[in-house]
Amino acid sequence: MAAVAVVEAFSGTDPVAEGLLELIKPAIHQLDLHVHSVRESQVELREHIDNLATELFRINEHQKIALDLDPYVKKLLNARRRVVLVNNILQNAQERLRRLNHNVAKETARRKTMLEASGVFTPRSPSKP
């Protein structure tokens with residue numbers, strides 16, 4: 001959601017940049033929301049896997065009949081490792097998205113400055129359409 005705030009800060013500048021931002025902004029916002037919700041669910045899943053592994057160890061220790069739960073615990077720990085890996089990939093993707101958004105905002109500001117310096121573009125008041 002921070003990415004959308006940066007995009008919105010530079011709206012109302014160059015018409016080309018403004019059009020580009022209007023095209024990109026909904027996609028960035030939607031992607032940011034999805035990444036955030038997936039990361040939250042993965043943290044929750046990781047906690048559930050940890051709790052389940054702990055519970056399986058506890059059950060295994062208290063059983064009078066020796067049950068071999070080690071393969072299941074190993075599967076859970078392997079699943080947890082994969083969840084952590086996917087979470088790291090999502091974090092990297094979100095960081096790249098943030099940098100891309102920052103670069104778009106920086107380029108928009110640069111173009112606005114160039115247009116204002118050349119006298120082609122005059123900044124308009126936020127209250128006037």
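User: How many salt bridges does a search of the whole structure find?
Analyst: This is a predicted model, where local features need pLDDT of at least 70, side-chain atom pairs count only at pLDDT 80 or more, and totals for chains, interfaces and linings use all residues. Residues are numbered from 1 along each chain as its sequence is written, and side-chain values use heavy atoms, leaving out hydrogens and water. A salt bridge here is a side-chain nitrogen of Lys or Arg within 4 Å of a carboxyl oxygen of Asp or Glu. Searching the whole structure on that basis, the count is eight.

User: Where in H2 does a kink lie?
Analyst: The bend at a residue is the angle between axes fitted to the seven residues ending there and the seven starting there. In H2 there's a kink of about 30 degrees, shortly before proline 26, and it lies at isoleucine 24.

User: Is glutamine 42 buried or exposed?
Analyst: Buried means under 20% relative accessible area, exposed over 50%, and partly exposed in between (1.4 Å probe, protein chains only). Glutamine 42 lies in helix H2. Because its relative accessibility is 11%, glutamine 42 counts as buried.

User: Which residues does glutamine 42 touch, not counting residues up to four places away in sequence?
Analyst: Contact means heavy atoms within 4.5 Å. A polar atom of the glutamine 42 side chain also lies 3.1 Å from the backbone nitrogen of asparagine 87. With those sequence neighbours left out, glutamine 42 touches Val83, Val86, Asn87 and Leu90.

User: Which residue's side chain meets aspartate 50 in a salt bridge?
Analyst: The N to O distance in this pair is 2.5 Å, and the partner is arginine 80. Aspartate 50 sits in H2 and arginine 80 in H3 (residues 70-118), so the pair ties together parts 30 residues apart in sequence. Aspartate 50 is partly exposed at 28%.

User: Which residues are linked with Glu95 in a network of salt bridges?
Analyst: Glutamate 95 and arginine 98 meet at 2.5 Å, N to O. Being three residues apart in H3, glutamate 95 and arginine 98 are separated by about one helical turn. The network links Glu95 with Arg98 and Arg99.

Definitions and conventions:
Helices (H or I, at least four residues) and strands (E, at least two) are DSSP runs, numbered from the N terminus. A polar contact is a pair of N or O atoms within 3.5 Å; within protein, one must be able to donate a hydrogen and the other to accept it, and residues adjacent in sequence count only if both atoms are side-chain atoms.
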